[in-house]
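Subject: Structure handover

Hello,

I am passing on the structure we discussed. Please find it below, followed by some notes on what was found in it.

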Amino acid sequence: MKARLVPTLLLALASCIPIFAQQPPPPAPAAAPPPAAEGSWAPDVPEPGSVEKIKEYTTAPEYLAESVAYVPDSATVPSPTKVLGHLVGAPDELSRVADVHGYFRKLAAATDRVRVEVIGTSEEGREMIVAFVSDAENLAALDRYKDLTARLADPRRTTRDEARRLAGEGKVFYWLTGGLHSAETGSPEMLMELAYRLAVSEKPEIQAIRKSTIVMITPVTEPDGRDRMVDWYYRNVRGRKGSYEEIGDILSPPYWGHYVLHDNNRDGMQVTQALTRAIHETFYAFHPQVMHDLHESLPLLYIMTGYGPYNKAIDPVTIDEWTQFGYHEAGALAAQGLPGVFTWAFFDGWWPGYLNSVANEHHSVGRFYETFGNATAGTYDRDLSRARFAGKPVTDVEWYRLTPPKKKLRWSLRNNTNYMEAGVLSALQYASLHREEMLLDFWTKGNRALQKGRTEAPYAWVLPADQRDPARLAYLINQLRQHRIEVHRLTAEAKLGSKTWPAGTYVVRMDQPYGPFANNLLEEQKFPPDEPNPPYDDVAWTWPLMYGVTAESVADKKVLDAAMEPVASNLAAEGTVSGAGEVFLVRDTGQTALLEARVLLGTNQVDAAEVAFTAGGVNYPPGSWIVQAPRAAVEEVARRTGLAFTAAATVPDVKRHLVDLPRLAVLHNWIDTQDAGWVRYTFDRAKIPYTSINDDDLKRGNLAERFDVILYPTTGGSLADLVHGIDPKFSPLPFTRTPEFPSQGIPDASEDITGGMGFEGLLNLNRFVQGGGVLIALGGAGRLPVDGGMVRQASVLQGGFNTPGSELRAKVVRPEHPIVYGYEELTHVFRGNGPIYDVPRPERSRVVLQFGTKKPEGEEEEAKKKDASGIVVEDLDAPASAPKPKPERREDNRLVLSGFVRGEEMVNGKPAILDLPAGKGRVILFSFDPLHRFLNLSDFRFVYNAILNWNDFPQ
């Protein structure tokens, strides 16, 4: 596998969004011969030169749709050409954020058919905007239409008859979002021309769009990444010789957003990034009936419908609407002679965490395009002869693609504009023709959800107030409320079924408009094991498991009549300091905030108990803290972290070690900065100090003089990729900030990002570990120390299993090890696909945590004896200090708690965490990513424990 910054065709697909779809509908109509374009713009008059330039920049006549073959002229409203100085889609021209937003503001200043509002600010201070395009009368009444859709969104406020009346009065809000993935450069350009066309054209179909719809346009959803991409293009790509395939590895900068790249489209559940928050809050303000995200990858235009399995929280009406839209657009583009337009194939439709999933989860229509693109403004020859999707060549005729593209073609940015804009125009035309139907469907879906919650179990979910980590409970409640899911709290005891729940218990009722989505977030996912098409992304997201919170579904309908009150504001775990004394104890029950608390306690002494002890009649498990600090400092830490401290008169007499923070580094390479970005976000959010380092730091050496612990987040690639990085043939390839390219060099910089760490960097990293340093390698990053020979005892398991983002049972093997402080013997972890690291039986004592409960090979006889006699056989290999294992409950023996695993026998019993000595230091290997997209909060403590106890690992 070659090292690459932005993958070419196949890996580019991983940066684009799946949503949800339905069973294959009837085939799209065959393409008709394109009609003559001459005079088709009447009554508009083409802007002088636009027809000629569009033809010039379009590489073949079959890639030019009649509907976009000209730009309408206006004497009063400036076109993009007049403002930018060139036609949209011109070769080698890309627009920065200020230019794109500046154009929309000039458009709004020139016509009352356009309005621009700021909806948010990026991590680096760039604005996000939404432009509204409609008839002037509609925009003058924008607040009225906004209120109307809000009333339709909640069927408890609006009867069916009222909904019919409002649907007759309302306008369809249709929201187009572009530029989410920064290496998909066409949509911000196209949306300028589209907005202008919608504002000035007097063609009947455009007039109908303005009359019946309010088009919302966010031209640059990821503004930090857009500027980085444009600067990178002009600095390192424009004018570079070579074919698309030859320079494909360097078409994108190493960073898009401040923290993440394509995972900005995987933040829809957790809502951590600034752009996600802005998009979600705008959605809840306007309740658009359609969200249409514009992506680029597939030849030549994929219109989202999908092949399943589909998320069951999505109403069937929405699935029908995807199909109706898709086949209207496919037919309209076929009628204009455009080849390569297709539906159905490409993604499954299972995972609910994409950016525009907010629409599908809240009874709107979330959809997307994948338009063929070159990642840049360059024009290239493209070879599609080996490209395949849904198991079939993209150049073959299929029922869902009756006019496939040629095997070899020449593609330009203007081609991309033509396809995308023509498709969007046909979608807007459909919305204008079906205005009343879409608005009534919007209400109907919410009403169906409400009625389901009143008539079908589960009727609610309950979450006890008493949790192992109250802060994670508060986070889960707040996350539900972030998605506008209502949460209540019992005001009196309630007997439901065979259980009695005390006052203070939290209740998530299903009789609310977004009840199906709430249930989907809280329940176990069961991905079909016989599904022929592979899952596109994670297949499990069960929040109680991901967050380490106890929750139960309620099948007793009486829960709807229980005494309860709504949770009206966000929760915060209430930290406490109780008792008298100058020593403060923290009972370790897995609280995530311990690392943050240790940072806040600064130079005050903190010790961790290595064995359980009792103080004041309370049992404190291993890992519990003994803090010697002024009470005022402890109270401040309790307030900020939600931890509970109990004062004691003296330091307990228990075996313990000092908890001292290491000098921590987070390492990233230049071929994959994505997951290191998630780690940076996680640490920044908790204000954990660290230093971000890259290949240059490894090559410089002397790592031990700067760091005690190096954390290497999960990353893709082979050993050769990780060591040698981007091909030096592209050298020099700078990523540094300059006056001409101010977006570069953030959040990290290098004069030349090619060549990787090299053997010199690998040797220096090995010296760091051999000399006493700790390397923590998450997921795929473990290939470096394993395949690089830093730890000889470990190997990488190859093939035979598939674990696509699922929650798996895990068992603590070494309960005395600090890495598992705060975890129960039987726990769970979230594992996506990636390597599993194993050790031979003589090294089994190095396993800290294993997947599942299966005994490893060589220990199966003991397991059989236990099963036959019911007597627990002591594990002679366990450390003497370890407690004797308890009999395992049958219900805990299943490996998959949520999701799907193929080849369970290959995973069950294999190491999940290994602690491997290397000289004077340690390599900690994780066979999963415990810091995955800020989703699996219950796994964070494994990493935090390794950091907190970095110099106290047992032998």
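A nonpolar core here is a set of buried Ala, Val, Leu, Ile, Met, Phe, Trp, Tyr and Cys residues joined through side-chain atoms within 4.5 Å, with buried meaning under 20% relative accessible area. Please note that this is a predicted model.

By that definition, the largest nonpolar core has 196 residues. Val508, Trp625, Phe645, Ile776 and Phe942 are the ones that touch the most other members. Leaving out residues up to four places away in sequence, Phe942 touches Ile819, Val820, Tyr823, Val829, Leu849, Ile913, Phe926 and Phe928. There is also a second, separate core of 32 residues, with Ile693, Leu784, Val786 and Leu916 included. In soluble globular proteins, nonpolar side chains tend to be buried together.

On the overall fold, the chain contains 29 helices and 39 strands. Its radius of gyration is 29 Å, close to the 30 Å given by the globule rule for 955 residues, so the chain is as compact as a globular protein of that length. Along the principal axes, the C-alpha atoms fill a box of roughly 90 × 70 × 55 Å.

Of the 955 residues, 65% are buried. Among contacts with a separation of 6 or more, 81% come from residues 24 or more positions apart.

As for the surface, the chain exposes about 33400 Å², and carbon and sulfur atoms supply 50% of that area.

Regards

Definitions and conventions. Residues numbered from 1 in each chain as written. Predicted model: local features only at pLDDT ≥ 70, side-chain atom pairs only at ≥ 80, totals over all residues. Heavy atoms only, no water. Helix = DSSP H or I, 4+ residues; strand = E, 2+ residues; numbered from the N terminus. Rg over C-alpha atoms; globule rule 2.2 N^0.38 Å. Buried < 20%, exposed > 50% of the residue type's maximum accessible area, 1.4 Å probe, protein only. Contact = heavy atoms within 4.5 Å. Areas by Shrake-Rupley, 256 points an atom, 1.4 Å probe, with all protein chains shown as cover.
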